[in-house]
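Subject: Structure handover

Hello,

Here is the structure you will be working with. Please open it next to this email as you read.

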Protein chains: 2
Amino acid sequence: MRDVAIIGVGLTEFGELWDKSFRKLTAEAGSKAIIDSGVDGKDIDAMYVGSMSSGRFVGQEHIGALVADASGFSHLHIPSTRVEGACASGGIAIRQGYLSIASGMNDVVVVGGVEKMNDVGGSSATETLATAADQEWEAFFGATFPGLYAMIARRHMYEYGTTKEQLAQVAVKNHANGAKNPHAQYRSEITVEKALHASPVAEPLGLLDCSPVSDGAAAVVLCAAEKAHEFTDKPLVKIIGSGQASDSLALHARKSITTLDATVHAAHMTYEQSGKHPSDIQFAEVHDCFTIAEICAIEDLGFVEKGKGGYAVENHITTLDGSRPVNTSGGLKSKGHPVGATGVAQIVEVTQQLRGEAGQRQLSDVTVGLTHNVGGSGATCVVHIMEVN
Amino acid sequence: MRDVAIIGVGLTEFGELWDKSFRKLTAEAGSKAIIDSGVDGKDIDAMYVGSMSSGRFVGQEHIGALVADASGFSHLHIPSTRVEGACASGGIAIRQGYLSIASGMNDVVVVGGVEKMNDVGGSSATETLATAADQEWEAFFGATFPGLYAMIARRHMYEYGTTKEQLAQVAVKNHANGAKNPHAQYRSEITVEKALHASPVAEPLGLLDCSPVSDGAAAVVLCAAEKAHEFTDKPLVKIIGSGQASDSLALHARKSITTLDATVHAAHMTYEQSGKHPSDIQFAEVHDCFTIAEICAIEDLGFVEKGKGGYAVENHITTLDGSRPVNTSGGLKSKGHPVGATGVAQIVEVTQQLRGEAGQRQLSDVTVGLTHNVGGSGATCVVHIMEVN
């Protein structure tokens, strides 16, 4: 398999973007990434797009072709493919783009992620998001994601003594990071006090434990590493590991609900391929759709011992100036969570950190970062490790 | 890139399958393919699933994980990815599975395609299918696929003198083939007379010019060719070319509506990779969502000169005993068109023909076949060429 590098990144603002259409969002993120990469339209061999539910959110399927079209590339007739894995759609799109270059089929591939969720209104958005859960065993009976993750949180508290204050501290940290991110949906700091007194959503999760409904798009340009110098002089960020795993859609079918086995398996694949160990990962973007999800993630990725995620957060290990910063972008909680875009936006953040382009939230001396993107309550997980030369 | 072989195939009946759920259909096709291939669950490295609009048809997204789960593989935690490209979703799934093996990442991959369209009722099915067209420029104004293809047909008649009788003969041929296919939705022959007097749908297309709304699933097992002998002694059917191309979503943006440029480009990629020419293709499954689509397809694939598709059909070149049989399975018209399953079902038919397992519709002495799968009115096209050793 050939080495693959990330040579361009682009992001729209995340938020309630009433003045930007689905196709405008994709074109904006894509053109930023393409300009950043130095490639020309004619250099692009293929496109991949991650989107969870464009059919329900904006009444448009067939968005692989749509995005190529909206980007002004319909005359190039390149293959353009949409992939879907609920909130992990973006991470899967990255992985398919990666494979298509690693295989030797393509040299330059644009990967995008997009979701426009606000047009349908709040309850419809929740209903559409619930199509990522098991329709027959969960959604049909009224379960939505706040409820499913609340069960995970309750059980984590019972098994490991995790506290509501620790959950709140995840949100506080991510808002602090998001306040430094010009693309974030919420650019304001919050306090533990404020998080603990937010409106309850599904006990023990309150409003500030939940990521928002968002519009937004992200894009990256991937290139065969051996050809990257033809387009860019920027530091070469390589994808050195790509892992993906699945699990039962419904929570009740798992042997444990506090360990996401899909994360464990995807991480294992990625560590194995890259030759890295959890201790080699200097920083990470993880899937904090709810605060409890970040705590499970840092445990299941092997950053801390199982059950110690809450304590790690409490001890500021994962803050910007901690020993292992997590969600420097603000994470899904504060940056926003346009579901199909999230996995691609995580890659954008890690690339910007590795290139030293992360502005006020720049980490010092980082060379290895990881992304962790989850679908549903953990039925899909995608993990990537990037390294800069 | 490594060689990739098809070592197992499986198909459900296509039709109005009120007693089979979405997940039951996928499990049925998948288990047939796996049994046919000789692989064991633990041999499977990954799954890909093509589905156009499971979110709208059955309220379920995240079906990569769902299909792995429904197939009893959730404990294996393998990557399972859904791809979508409207009615070309199945063909794209094949191509992603192919790339993941060609890259060296995987050895054994199960690829499925599925759609359950009847649950939502006829007008909702049409509305959901229209999400494969351009929502802002076509669907919003009331255009549906029969109307879009009717415009293509009218223009083809105007430019090339194609007749309604020639369109009818496509349907007659495909029904004759479908009558020999135990999995087909319509297993009855029709006459030109009957087709010409069918209820008009969108002039010049009548009811018997249109493929039906269908439920069904198809699956294949792909394997690195060098490892195929570990699992099967059947004739080795290799994928020797894989092409995919895109075009504008809306018809009005194309330089011609009687030539599908996406077909032309995808075919070119596939001929180039395989070293085959149109004249080497002994038989093909092409995307006859409407009778006019088959006529355009055999022209755009280079089987006949542009504009001569109608005459080729009239002269019985494409019948089972013609010089170049097309849609031996009955095609979308007669076999049925569960949209996400179609591209995979085409691969099943070509594999069965190449292995000599096509029963009453078996061709004699065939070694090279082609599949042609289209999304929307031609914004996506996927072409594969298979050869048996």
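Below are some notes on what was found, from the whole assembly down to single residues.

**Ground rules**

This is a predicted model, in which local features need pLDDT of at least 70, side-chain atom pairs count only at pLDDT 80 or more, and totals for chains, interfaces and linings use all residues. Residues are numbered from 1 along each chain as its sequence is written, chains are lettered from A and ligands numbered from 1 in the order in which they are written, and side-chain values use heavy atoms, with hydrogens and water left out.

**The two copies**

Contact means heavy atoms within 4.5 Å.

**Chain A as a whole**

Chain A has 13 helices and eleven strands. These are DSSP runs, numbered from the N terminus: helices are H or I with at least four residues, strands are E with at least two. The radius of gyration of chain A is 19 Å, close to the 21 Å that the globule rule gives for 389 residues, so chain A is as compact as a globular protein of that length. That radius is taken over C-alpha atoms, and the rule is 2.2 Å times the number of residues to the power 0.38. Along the principal axes, the C-alpha atoms of chain A fill a box of roughly 55 × 45 × 40 Å.

Of the 389 residues of chain A, 68% count as buried. Buried means under 20% relative accessible area, exposed over 50%, and partly exposed in between (1.4 Å probe, protein chains only). Take the contacts in chain A between residues at least 6 apart in sequence: 78% of them join residues at least 24 apart.

**Helix 10 of chain B**

How many of the ten residues of helix 10 of chain B are buried? Ten of the ten are, so this helix (residues 291-300) is largely enclosed by the rest of the structure. The cover over its buried residues includes helix 6 (145-160), helix 9 (261-274) and strand 10 (368-375) of chain B. Just after helix 10 of chain B, B:Gly302 takes a positive phi of about 85°.

- A:Ser37 sits in helix 1 (residues 22-37). A:Ser37 counts as buried, at 0% relative accessibility. Leaving aside neighbours within four places in sequence, the contacts of A:Ser37 include A:Ile7 and A:Phe231.
- A:Ser199 lies in the loop between helix 8 (192-196) and strand 5 (200-202). A:Ser199 is partly exposed, with a relative accessible area of 46%. Not counting residues up to four places away in sequence, A:Ser199 touches A:Gly206 and A:Leu207.
- A:Glu13 is in the loop between strand 1 (4-11) and helix 1. A:Glu13 is partly exposed, with a relative accessible area of 33%. The C-alpha atoms of A:Glu13 and A:Ala218 are separated by 9.2 Å, though the two are 205 residues apart along the chain.

Best wishes
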